[in-house]
Amino acid sequence: MRSIAIVGGGQAGLPVAFGLLAKGYQVTVVTNRTPDEIRQGKVMSSQCMFHDALEVERGLGINDWEDICPPVEGIGFAVPHPEKAGERAVQWSAPLEKVAQATDQRIKMPVWLEQLEQRGATVRYQDVGVAELEELAASNDLVLLAGGKGEIVKLLERDASRSPYDKPQRALALTYIHGLEPTPNYSRVSFNFIPGVGEYFVFPTYTHSGACDVMVFEGMLGGPMDCWNNVNTPQEHLATSLNILNTFLPWEAERARKVELTDAGGILAGRFAPTVRKPVLTLPSGRMVLGIGDAVTTNDPITGQGSNNAAKCAKVYLDSILERGEQPFTREWMEQTFETYWDYARLVVRWTNSMLAGPAPHVLQVMGAAQTLPSLAAELANNFNHPPNNFPWWDDAQAAEQFIAQHQSRVAQAA
Ligand SMILES: Cc1cc2nc3c(=O)[nH]c(=O)nc-3n(C[C@H](O)[C@H](O)[C@H](O)COP(=O)(O)OP(=O)(O)OC[C@H]3O[C@@H](n4cnc5c(N)ncnc54)[C@H](O)[C@@H]3O)c2cc1C
């Protein structure tokens, strides 16, 4: 049976490992953090996964937290009023047809690594460099590089034609909390767009201490939300989080009056440049390695798609490996496998990158129209599950007008 090595034990690599093991492949996973290091470390993501991505995990039987992770049942959107302090210029929310869920990766990845070993995979804990990639490529039929944002993925060439940014676009921070007041009627990702300052969103998740919420801060560089550099302790991190809410989003601050950190590791601050990389790395020996997940498509978290992309990428690659049967994993096959995924991911990347640039006037018009058109709001909310559905109107003002008109006529017909 064929042998496949996967470098990196995250959301992209591990589902492929499970899928291959189930089909009798020999699987080796090499990753640089042990289960205990991950469990005891800092949070890595906010990882809200929508229905289609969750289906990938269900299909592989690795949805262990489905019954305990709180559901995310909708999407809310708000923009502060530019003149009336404390009021919202735009405000709507809509339920998701099928719930989303966010299980802390500190819980998920260690269990998956341990389960893989129990099911017969070889799991090694070491930092992989070129020498180790060479060794893996020489002794396996295929090596997948699933190293996320690790240094090693920089060996894959940046694809300038698909990467409009060469620098980080937001100062990012995560704050995991207990004690947040729930939203009325249904739980949701409450997304706040603060023009000229950045974005804030918050939603239920599941961590070591049970159900909680995760605050995500996306500060425009050099602006007032780019404020994490001199934050030294977890308590200072929480205080900085609350200060942002008090300053810009009083309705969110109101919900957060009684919050406390879930744990000292429930915080993160950092920044990275959204980057698409060429999928194939040629090693000095001439052997090749194929990138997967964030290694090839790193998105800013502003649209919450990274884990979703990683799961969907895993499914495309798994199917492609299985379909290949006993044929060799050539460069052509590798590039084609990535392009099959890119066919989906390119619009997710485009959507995400244009959010970073600031929504176009016609996009803001659509967002505003959602306040009075519930069917439009519902469509926007459910598109988080499949962002390509936001096109063509997302980058075409005329299509946006038609999109609004379609929903207006639905209201008129119903009246
Ligand atoms: C602040 C923040 C918020 C986010 N919020 C969301 C969200 O709400 N929704 C969403 O869908 N996504 C979100 N994401 C993105 C999501 O977490 C990632 O896109 C996803 O985890 C990518 O999976 P991956 O397997 O490609 O990489 P990772 O999950 O990063 O896994 C990479 C693995 O490779 C290992 N590794 C790295 N280098 C080496 C090496 N040299 N040798 C061996 N092993 C190595 C690492 O230890 C790790 O196990 C967020 C990310 C951030 C930073």
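Residues are numbered from 1 along each chain as its sequence is written, and side-chain values use heavy atoms, with hydrogens and water left out. Because the model is predicted, local features need pLDDT of at least 70 and side-chain atom pairs count only at pLDDT 80 or more, while totals for chains, interfaces and linings use all residues.

Start with the whole structure, where a search finds four cavities of 30 Å³ or more (a cavity is a set of points on a 1 Å grid over the protein atoms alone where a 1.4 Å probe fits but cannot get out, and its lining residues have an atom within 4 Å of a point; volume is the space filled by probe spheres set on the points, which are joined across faces, edges and corners).

Next, select Phe77, Trp351, Met355, Met367 and Phe384, which among the 13 lining residues of the largest cavity lie nearest its centre; the space there is about 140 Å³. Colour β3 (72–80) and α9 (331–357), each of which supplies at least two residues of this lining, with β3 giving the largest share, three residues (helices, H or I of at least four residues, and strands, E of at least two, are DSSP runs numbered from the N terminus). The lining has 11 nonpolar, two polar and no charged residues (Ala, Val, Leu, Ile, Met, Phe, Trp, Tyr, Cys and Pro count as nonpolar, Asp, Glu, Lys and Arg as charged, and the others, Gly among them, as polar).

Then move to the second largest cavity, which holds about 110 Å³ of space, and select α3 (residues 51–60), the element that gives the most to its lining, with three residues. The lining of this second largest cavity, which includes Gln47, Trp65 and Lys108, divides into four nonpolar, four polar and four charged residues.

Definitions and conventions:
1 Å grid on protein atoms, 1.4 Å probe; cavity = no way out; pocket = protein on both sides within 12 Å on 5 of 7 lines; lining within 4 Å.
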